[in-house]
Amino acid sequence: MSPPRHPEPSAAPRGDYAGCVLLTGPGGAGKTTHALERIRAAATRPGERGRDAARPDEALLVLPTYAQVNHVKRVALSRWDARGIFDRPFATFTAVGERYLEAFRVGALPSPEERDRLMEEALRQRDVPVFRSVADRAGFRAHVLRLVKELKQTGLEGGEAREHLVAAQGEVQGASLRKLEGFIAVFEAYEDLLERAGLEDHEDALRRVAMRLEAHPPARPPRLLVVDGFDDFSRVEERILDALARAVVAAGGDVLVTLPWDPARPHLFATTRGSRERLLRLGYAEKALSGFPRAADPALTRIATSLFGPAGSAVPGGDAVGLMLAGDAEDEAETVARAVRGLAGTEGVRGWRDVGVIVRSLDASAPRLESAFARVGVPLRVVGRGTDLASEPVVRALAGPLAVLEGLVEAGQFKPVPLIAWLRWRALLGGETTVDAAVALDTWDFALRSKGFPADFAALRAAAPAPLNAWLDVLEAWRVRLAAVVGAAGLYDGLGAALVALAPLPEPSGFDPEGYPRDREHDERLARAVAGRGRFVGILASLRDAAARTRLGGAERSAQAVSELRDALGQVAFRPQDRRLDA
């Protein structure tokens with residue numbers, strides 16, 4: 001593939017980067033701490049009565065994502081022991097354009113649902129034979145979208161990117177050539193659909209920032225520019241960094257870039273090798289940090305600085321490293337919880353936020369730890385990917401009704417077991433729990449498993465005991481109603497209303513005279529169910545908005561809407577903290 005048209009920053013005079021510093025070191029070496037101290041020194045000045053007065057425009061800390069910006073702001077608040085801070089010194093690469101470029105605004109960014117819909121239409125329009133058998137798979141569309149993202153991260157605009165892809169055709173043959181040709185066709189269709197919808201990908205916005213900054217450097221750049229690299233930089237982010245760095249140096253300011261790197265363990269930091277070498281070629285002066293200042297004990301420092309590195313001599317653990325044994329998983333969770341409880345009031349532990357527990361698998365360990373920590377009175381906040389939304393009880397219970405709403409009600413298509421699971425959920429956990437319904441369902445379920453299940457939905461309704469008829473009648477009414485709806489917006493909204501109606505929830509337990517919850521476990525389960533159902537309905541709202549914003553219509557039948565919902569559901573993670581949205 002031919003090299004990009006844009007000139008490499010290495011061609012710039014070394015004087016453009018004189019005084020620029022590259023701060024490297026492994027995780028925990030203090031790079032972010034050093035960067036924040038530099039920001040604080042540049043963004044504040046001594047004020048009256050010993051207070052610091054802010055001058056936030058004098059410093060700028062740039063990070064790749066908004067999540068990282070929010071994280072660093074929380075770290076700054078904690079380490080500076082401040083009640084609040086001005087957030088102007090903290091920005092993403094796209095926010096840099098809005099701050100320093102006149103009349104620059106980030107365009108309408110497509111949501112994941114909108115990008116998926118655009119890619120689905122692009123695949124349909126081009127109908128590439130080599131993609132035909134998998135074009136309807138959500139996972140395949142996500143893979144192609146990832147390739148589009150990586151292509152755009154080079155900083156090339158659509159036409160240039162296509163030229164490079166076409167030039168690469170001579171380097172491959174056979175099946176690889178057919179796939180490359182298919183990707184080029186789909187990429188062109190996707191770009192055209194994106195433009196017609198008035199949307200732009202995040203990488204498109206970054207490219208506009210880079211081009212404008214290269215053509216019109218900021219007239220009043222910050223006195224200090226810090227770019228904290230949590231990993232590496234994409235090619236377009238490097239262009240933005242270079243343009244800003246040259247402007248800051250030209251105005252007499254300082255530039256500090258941080259990157260994770262450890263020469264003793266280079267294989268752990270392979271992703272940052274290229275960015276580090278490029279910055280050094282430009283003339284950045286490297287300052288390497290080592291050690292592990294977060295802990296003074298030699299054993300902890302040794303673990304942090306030599307993990308996954310060459311084998312060395314053993315270091316005694318002393319009081320800092322210990323071993324706990326447990327009989328089983330439940331005992332292990334209890335042991336960990338009590339060990340953490342014993343840290344209260346010890347030196348260096350000001351509060352529970354100073355204590356962290358790392359586990360191999362949140363899915364396997366989090367429920368046990370949550371229960372064990374609650375028993376010993378230690379608050380626990382679980383952070384991680386969590387489980388799939390599809391595994392939440394309220395969402396699993398709706399699998400049967402969704403199949404009916406999809407129209408799978410005839411013999412050969414109808415599956416009664418998921419529908420009976422929904423009836424059981426309604427009888428035991430729903431908002432209309434009755435003893436008669438639960439007993440009738442158990443008796444009926446046992447009889448069906450002995451004699452055989454009805455073949456279709458109508459036969460199931462006819463055979464159902466009286467206490468269950470009302471629920472099945474409501475489901476049938478929703479099926480008929482949705483089958484008659486015309487228009488995507490009405491379908492998505494109607495299906496969302498159906499999900500809420502088919503999965504009613506009980507009331508909270510309330511509070512006792514002393515102000516404590518009457519049944520804390522019930523309220524926690526309820527909060528989890530409310531959040532899960534809300535997230536499920538929110539997916540439908542996202543699909544409706546995606547259809548409107550991409551101007552590609554949407555589902556025309558209830559079966560199509562349910563199918564889209566199933567595809568989107570498989571791509572959603574339900575983090576543990578999401579389960580407490582309404583607690």
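This is a predicted model: local features need pLDDT of at least 70, side-chain atom pairs count only at pLDDT 80 or more; totals for chains, interfaces and linings use all residues.

**Entry 1: a helix contact**

I looked up how helix H5 (residues 138-152) sits against H7, and their axes are 11 Å apart at an angle of about 80°. Angles of 65 to 115 degrees count as roughly perpendicular, so that is what I call H5 and H7.

Which residues meet there? From H5 I listed Val 144, Leu 145, Leu 147, Val 148, Leu 151 and Lys 152. Facing them in H7 I found Phe 183, Val 186, Phe 187, Tyr 190, Glu 191 and Leu 194. I sorted the residues of this contact into 10 nonpolar and two charged, with no polar ones.

**Entry 2: a network**

Lys 152 and Glu 191 turned up again when I went through the charged side chains. Together with Arg 115, Asp 201, Asp 204 and Arg 207, they are linked in a network of salt bridges.

**Entry 3: single pairs**

How many salt bridges does the whole structure hold? My search gave 35. I picked out a few pairs to follow up.

I started with Arg 117 and Glu 564, which form a salt bridge with their closest N and O atoms 3.2 Å apart. Arg 117 is in helix H4 (residues 112-126) and Glu 564 is in helix H22 (residues 558-569), so this pair ties together parts 447 residues apart in sequence. Are these two buried or exposed? Buried means under 20% relative accessible area. Arg 117 comes in at 7%, so I put it down as buried. Glu 564 has 14%, so it goes down as buried too.

Next I checked Asp 493 and Arg 544, whose side chains meet in a salt bridge at 2.6 Å, N to O. Asp 493 belongs to helix H20 (residues 488-502) and Arg 544 to helix H21 (residues 520-550), so here the tied parts are 51 residues apart in sequence. I noted Asp 493 as partly exposed at 41% relative accessible area, and Arg 544 as partly exposed at 26%.

Asp 192 and Arg 196 both lie in H7 (residues 175-196), four residues apart, or about one turn of the helix. Their salt bridge has its closest N and O atoms 3.3 Å apart. Asp 192 is partly exposed at 36%, and Arg 196 is partly exposed at 49%.

Definitions and conventions: Residues are numbered from 1 along each chain as its sequence is written. Side-chain values use heavy atoms; hydrogens and water are left out. A salt bridge is a side-chain nitrogen of Lys or Arg within 4 Å of a carboxyl oxygen of Asp or Glu. Helices (H or I, at least four residues) and strands (E, at least two) are DSSP runs, numbered from the N terminus. Buried means under 20% relative accessible area, exposed over 50%, partly exposed in between (1.4 Å probe, protein chains only). Axes are lines fitted to C-alpha atoms, for helices over the stretch in contact, and angles run from 0 to 180 degrees between N-to-C directions. Angles under 35 degrees count as roughly parallel, over 145 as roughly antiparallel, 65 to 115 as roughly perpendicular and the rest as oblique. Contact means heavy atoms within 4.5 Å. Ala, Val, Leu, Ile, Met, Phe, Trp, Tyr, Cys and Pro count as nonpolar, Asp, Glu, Lys and Arg as charged, and the others, Gly among them, as polar.
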